[in-house]
Amino acid sequence: MEHAGFDLAMIGLMALICQWLAWQLKLPAILMLLVAGIAAGPVTGLLDPDALFGELLFPLVSLAVAVILFEGSLTLSFRELGGHGRTVRRLVTWGALITGVTATLAAHALLGLSWQMASVLGALLVVTGPTVILPMLQTLRAREHLTQILRWEGILIDPVGAIGAVLVYEFVALGSGSDAATQTLLLFGKTALIGFGLGIAGGHLWGQVLRRHWLPRQLHSFGTLMMMLALFSLSNLLFHESGLLTVTVMGAWLANMRGVPTRPIIEFKETLSVLLISGLFILLAARLTVEQLALLGWPAWAFLAVLVGVARPLAVWLCTLGSQLEPREKALLAFISPRGIVAAATASLFALRLEEIGMPGAEMLVPVTFLVIISTVVSQSLLSRPLARWLGVQRPSPDGVLIIGANQVARAVGSQLQAAGVSVVLADSSWDAIQLAQRAGLTTYYGDPLSEHAAQHLELSGIGYLLPLSPYRELNALAALHFEHLLGRDRVFRLAVDEGRRANRPHAQALDHLPLLFGREVTFARLSRLVEDGGEVCRERCGEKFRMEPLRQAHNGHWLPMLCIGPSGRLRLATAEGGLTPRRGDTLVSLIFADSPARQAPPAS
C-alpha cells in the first residue's frame, strides 16, 4: 500500500513537471505528458499501471473519459456552430466526415485492420480540440479570419467529433459478437435510445435544478459532476457502454438550455481536469508495451502521411469551395490539424474494451493514435509559424490591448484607444461592469481572464499589450505574471501600489522587473478617484507645432499623459522608467483632472 501511495505521488509530481515544461516551451501539455508516460512505462519499466490499479484501471479510465467528454460537450453551443461562417460549419460537419472516411480507408489498406477497427480509428482521429490548437494560434499570428476559422473549428469539433466517435465505437462493439446485421442495428438503436433519451432527460431535469436554484450555488459544480457520473453509471447498467453517449448528450443539452449557469461548472472542472488529465495520460502512455511500439513500422508512418497529407488537405479543399480564401490561406489551414486529448482518452478506453471482447487489431488503436498526436503536435508547433511567414499570411506584430477590468477607468481608457483605431478587449468578472462596457461599444470578456475558459474563448490573436486596470491588486499581479510569458516583458505592465500595502503583496518582488505604468505615484485608487471627481480621458493629435511643456503648463500639472499611438498604430505607454515623449503624427491619450485650469477637453483626432 505504501509503495502504491509513493507511485501515485510520483505520478502527480511528474504531471506537475510536464505542465511546467509545456508552459515554458509554449507547447500543449498533452505532448509532455505522453512523452513522460512512455519514458516511465515501456522505456524504463518504472511504472506499470495494470499492476498499480489492477481491476480498478478500466473503471477509472472510463470515469475520466466520461468527465472529459462531458466537459467538451458543455462548450457545444449550437448558436456558435451556426454563427461562425460557412467554412467553419463545413469543417466540423462535412470536413469531419471526409477526414474520418479517408482515415478509415487508409487504416484498412495500410495497417491491415478490419473495416470495423479501421472505422473506429478513423472516427477517433477526426478530433483536433482546443487544448492543442489554441496554444499554437497564440504564437502563429495568422490573418484574423484564418485564426478564427482554426480557433472555432478546434472548439466545436471537440464535442461533435466525440459524439461521432462514440457512435461508431458503439456500433462496432455491439456487432463484434454477432454476425447478424439486423441484430447489430437493433442493439445500436437501443444504445442510441438510452444514450440520447437518458442524456436529454437528465440534462433537462438537472438544468431545471440549476436554473431554478433548487441547489445552493456553491454546490452547482459538485452536484453537476456527481449527477453526470450517476447518469453515466445508470446508463451503463441499463445497457453496457451506453454511458459515454449519455454524458456527451447531457453536456450538449445543458450548454444549449436558456438560463442555465454553465460557466461556474466549466471553471470548477479546470482544477479537476489538470489533475485528472495529467495523471490519466501518463498512465495511458505508460501502458504501452514494447510490442505495441514495435507495431509502428512503415505502415503506421504511411498512415500518418495519408492522414496529414491527403485527408486534411482534401477536407479543407472541399469545405472551402466557393469561399473567398486565397490558395495560400487554404494551404495553411490544410497544414494545421493537431490531435489532442479526446483522441488519446477515447482511443485508450476503446482499446481496453475492444481487447476485452477479443476484437482483432484493437492493440493498434493506442500506439497509432499516440503516434499521430505526438507527430502532429511537434511538427505543426515547430513549422506552422515559418510556413505562415513563407506563405505571407502572417499579421504584423499585434498592437491590440487587453485591459484587466471593465470599471470606469478601464472603460474611459478603452474607449479612447478604440476611437483611435486600436483593438481593445476588456476582461472582468463583474457582469454590471461588462454590461456598461458593452453599451459603450467595447469588446469584452466576462469571466476570469486567467481561467482555462478564457484560454479557449478570450480572443488574444491580435493582442500585444496588457494594461492592469482592475481594482483588485492581486488580480492585476497574477494577470501580469500570466500574460508576460505570452506577450513579452516589455508589453506587460504593473500599477503602482501604496508602500504600506506593497509589503504585504505576495507577488510584489516577482513583478519588480515589469514597467511601472503611468508613474510611481499612479495607483488604481488614485486613477479611480480622479475619474470619479470629474477627470476625463481625452486624446489629441500631435501636429507640427505640438509641444509637451506648454500643455503641461496650461494644465498646471493637473494632467497625466498616459500613452501615445503612432501613425502605424504602434503604442508607447508612459512609465515611471521611461516617461513619454510624443512625436509628430502621434495621438496622445491623457487624463485631464477636473481642477485643471485648461479644463477645455482637447479636440478629438
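First, the basis. This is a predicted model, in which local features need pLDDT of at least 70 and side-chain atom pairs count only at pLDDT 80 or more, while totals for chains, interfaces and linings use all residues. Residues are numbered from 1 along each chain as its sequence is written, and side-chain values use heavy atoms, with hydrogens and water left out.

Start with the open sheet of four strands: the order is β3-β2-β1-β4, and the pairing is parallel. Strands here are DSSP runs of E with at least two residues, helices are runs of H or I with at least four, and both are numbered from the N terminus. Two strands pair if DSSP finds at least two bridges between them. β3 (443–446) and β4 (463–468) are at the edges with a single partner strand each, so one side of each has no neighbour in the sheet. From one strand to the next, the twist averages 25 degrees. For the angles, axes are lines fitted to C-alpha atoms, for helices over the stretch in contact, and values run from 0 to 180 degrees between N-to-C directions.

Helix α20 (residues 431–439) packs on this sheet and touches β2 (424–428) and β3, with its direction at about 165 degrees to that of β3. Contact means heavy atoms within 4.5 Å. Helix α22 (residues 473–487) lies across β1 and β4, and runs at about 165 degrees to β4. Between β1 (residues 400–404) and β4 there are five bridges in the parallel sense; isoleucine 403 has leucine 467 of β4 as its bridge partner.

Next, β8 (residues 587–592). Is this strand mostly covered or mostly open? Mostly covered: six of its six residues are buried, where buried means under 20% relative accessible area, exposed over 50%, and partly exposed in between (1.4 Å probe, protein chains only). Thr587, Val589 and Leu591 point one way, Leu588, Ser590 and Ile592 the other.

β8 pairs in the antiparallel sense with β5 (residues 536–541) over six bridges, and likewise with β6 (residues 559–565) over six bridges. Threonine 587 is the bridge partner of arginine 541, and isoleucine 565 also stands opposite threonine 587.

Two helices remain. In α7 (residues 115–124), eight of the 10 residues are buried, among them Met117, Val120 and Leu124. Leucine 21 lies in α1 (residues 2–25) and is partly exposed, with a relative accessible area of 33%.
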